[in-house]
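I opened the model to look up the overall build, the ligand site and a handful of single residues. My entries are set down by topic.

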Amino acid sequence: MIGAGHAGLAASRVLGDRSIDHVVLERGEVANSWRHERWNSLRLLTPNWQSRLPGHAYGGPDPDGYMTAGEVAGFITNYAALSNAPVRTGTAVTSLTRDGDGYRLLTSGGEIDARTVVIASGACNLPHVPALRAALPASIAQFTTFDYRKPDDLPDGGVMVVGPSATGLQLAAEIHHSGRPVTISVGEHVRLPRVYRGRDVLWWMDRSGVWNQRYDEIDDLTRARRLPSPQLVGTPERTTLDLNALGSMGVQIVGRLSTVRDGRALLSGSLRNMFALADLKMERLLDTFDEWAAAHPREADGPAPERFEPTRVPQSSPLQLDLRDGRIRSVVWATGYRPDYRWLDVPVLDEKGHLRHDGGVVDSPGLYALGLPVLRRRKSTFIHGIEDDARDVIDHLAGYLAAAQRA
Ligand SMILES: Cc1cc2nc3c(=O)[nH]c(=O)nc-3n(C[C@H](O)[C@H](O)[C@H](O)COP(=O)(O)OP(=O)(O)OC[C@H]3O[C@@H](n4cnc5c(N)ncnc54)[C@H](O)[C@@H]3O)c2cc1C
């Protein structure tokens with residue numbers, strides 16, 4: 001097993017339950033990404049009642065609250081201890097190659113041979129930043145979500161946040177509250193209210209079955225795997241953080257950053273269409289919830305269906321921003337994440353650098369993956385989504401080992 005995040009530890013638990021001998025190799029500490037790769041104010045956008053792993057679930061006093069990154073690290077570390085997971089921390093895998101019927105791993109702690117390998121090294125190891133970052137004037141300080149920790153890390157003055165998903169909206173709001181003028185550049189996004197008909201919107205995702213939809217039932221799987229994270233934030237007040245909320249605060253909303261030329265950011269003018277599309281998709285999802293509620297009146301016994309104000313299109317939105325006039329001093333790239341497979345020497349990556357796999361069964365015998373977007377279900381990358389995937393993938397792995405033994 002490569003990686004001791006929640007995915008690797010969940011799979012380790014399932015392997016342990018089946019008495020399959022294994023080791024979990026972790027380059028840093030258990031729950032390393034939650035300890036070292038998140039900004040200070042981050043809270044989960046999934047409620048505590050949803051923090052569950054095979055054989056373990058949140059049992060604290062605030063099931064409707066949202067954990068801080070430190071609390072998530074504690075939750076996962078506790079899980080590793082409770083599961084007696086055979087973790088070797090401080091052990092980075094530097095190479096994985098096919099060797100005979102199995103695999104050879106070179107690690108910072110020596111060589112290991114394995115019949116099978118599960119890659120649970122995470123989908124968000126590196127920031128995904130567009131190449132146009134290189135065209136920004138040198139006077140602009142640039143940050144990714146890996147180097148941003150808090151607003152005071154930024155120079156004084158205006159900030160452009162690029163990216164309208166959960167990360168971008170959360171950072172835009174907190175930087176705005178620090179007193180810096182914020183502009184957010186908006187491309188495709190997924191809009192959701194925090195609360196729908198009196199319940200957390202993720203309760204609806206869970207109960208209505210949307211999150212359980214299987215990868216082999218999704219029409220456009222490639223697109224589903226690329227979808228940005230929903231515009232949500234976890235606050236004690238269960239605040240909805242969407243573009244209307246940002247606009248009301250005074251954050252300037254501009255179109256997608258398409259290129260940078262001669263020190264000017266050129267922005268797409270299609271805000272109206274983009275907003276209409278996100279609003280339409282949200283309405284369709286709410287329709288799905290309502291249909292489910294109508295069929296399950298006892299479970300969904302709360303308030304009647306509701307609809308939300310469409311995303312307001314700003315009265316004037318510039319198509320260019322001069323990045324040399326001193327008004328914008330820094331840019332925060334909230335443009336997504338990508339995995340890091342520089343250590344992987346088995347030819348299983350496609351031309352875009354994604355693992356070739358079918359529901360976590362990688363395109364090389366005995367090699368598996370967990371924790372990737374819509375790996376086997378829509379919920380695959382979320383903490384509560386790992387259990388079903390881990391059981392399915394380890395089932396396949398156990399079958400593979402048994403067949404190899406028979407042969
Ligand atoms: C900003 C952000 C917010 C999120 N919020 C939520 C949320 O609210 N709710 C939710 O359910 N999910 C959330 N997620 C999604 C998901 O839960 C996290 O991405 C989670 O960290 C994924 O767990 P993982 O075990 O797949 O990967 P990781 O937590 O990244 O764990 C992978 C581990 O593998 C190790 N590793 C990597 N490469 C190597 C190597 N070569 N050798 C040895 N070890 C290696 C890493 O050090 C790491 O510890 C969020 C993700 C991000 C990025």
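**Basis**

I am working with a predicted model, in which local features need pLDDT of at least 70, side-chain atom pairs count only at pLDDT 80 or more, and totals for chains, interfaces and linings use all residues. Residues are numbered from 1 along each chain as its sequence is written, and side-chain values use heavy atoms, with hydrogens and water left out.

**Whole chain**

I looked up the secondary structure and found nine helices and 23 strands in the protein chain. Helices (H or I, at least four residues) and strands (E, at least two) are DSSP runs, numbered from the N terminus.

I then checked the dimensions. The C-alpha trace spans about 70 × 55 × 40 Å along its principal axes. The radius of gyration of the protein chain is 22 Å, which agrees with the value near 22 Å for a compact globule of 407 residues. That radius is taken over C-alpha atoms, and the globule rule is 2.2 Å times the number of residues to the power 0.38.

For the surface, I noted that the protein chain exposes about 18,500 Å², with carbon and sulfur atoms supplying 48% of it. Accessible areas come from the Shrake-Rupley method with a 1.4 Å probe; for residues, only the protein chains shown count as cover. Of the 407 residues, 50% count as buried. Buried means under 20% relative accessible area, exposed over 50%, and partly exposed in between (1.4 Å probe, protein chains only).

I also looked up contacts (heavy atoms within 4.5 Å). Among those between residues at least 6 apart in sequence, 69% join residues at least 24 apart.

**Ligand site**

Which residues come nearest to the ligand? I found E26, S33, L45, T46 and I383, out of 30 residues around the ligand. A residue is counted here if one of its heavy atoms lies within 4 Å of the molecule.

By class, this shell has 16 nonpolar, 11 polar and three charged residues. Ala, Val, Leu, Ile, Met, Phe, Trp, Tyr, Cys and Pro count as nonpolar, Asp, Glu, Lys and Arg as charged, and the others, Gly among them, as polar.

Next I listed polar contacts, meaning pairs of N or O atoms within 3.5 Å; within protein, one must be able to donate a hydrogen and the other to accept it, and residues adjacent in sequence count only if both atoms are side-chain atoms. An N or O atom in the side chain of R27 is 2.9 Å from a ligand oxygen atom. A backbone N or O atom of A7 lies 3.0 Å from an oxygen atom of the ligand. A polar backbone atom of T381 is 3.4 Å from an oxygen atom of the ligand. Taken alone the ligand exposes 980 Å², and the protein buries 93% of that.

The elements giving two or more residues to the shell are α1 (6–17) and α2 (32–36). α2 gives the most, with three residues.

**Positive phi**

I looked for positive phi in residues other than glycine. R238 has phi near 55 degrees and sits in the loop between α6 (221–226) and α7 (243–249). R238 counts as partly exposed because its relative accessibility is 27%.

V374 has phi near 45 degrees and sits in the loop between β23 (367–369) and α9 (386–406). V374, at 6% relative accessibility, counts as buried.

**Single residues**

In the contact lists below I leave aside neighbours up to four places away in sequence.

A4 is in the segment before α1. At 0% relative accessibility, A4 counts as buried. Its contacts are L9, V24, L25, E26, V30, A31 and V87. A4 and R207 are 203 residues apart in sequence and 29 Å apart in space, C-alpha to C-alpha.

N244 lies in helix α7. Is N244 buried or exposed? N244 is buried, with a relative accessible area of 8%, and touches R191, E309, P310, T311 and R312.

K281 is in helix α8 (residues 271–295). K281 counts as partly exposed, at 33% relative accessibility, and is in contact with E188 and R223. K281 and L136 are 145 residues apart in sequence and 33 Å apart in space, C-alpha to C-alpha.

D389 is in helix α9. D389 counts as buried, at 0% relative accessibility, and is in contact with L370, L375, R376, R377 and S380.
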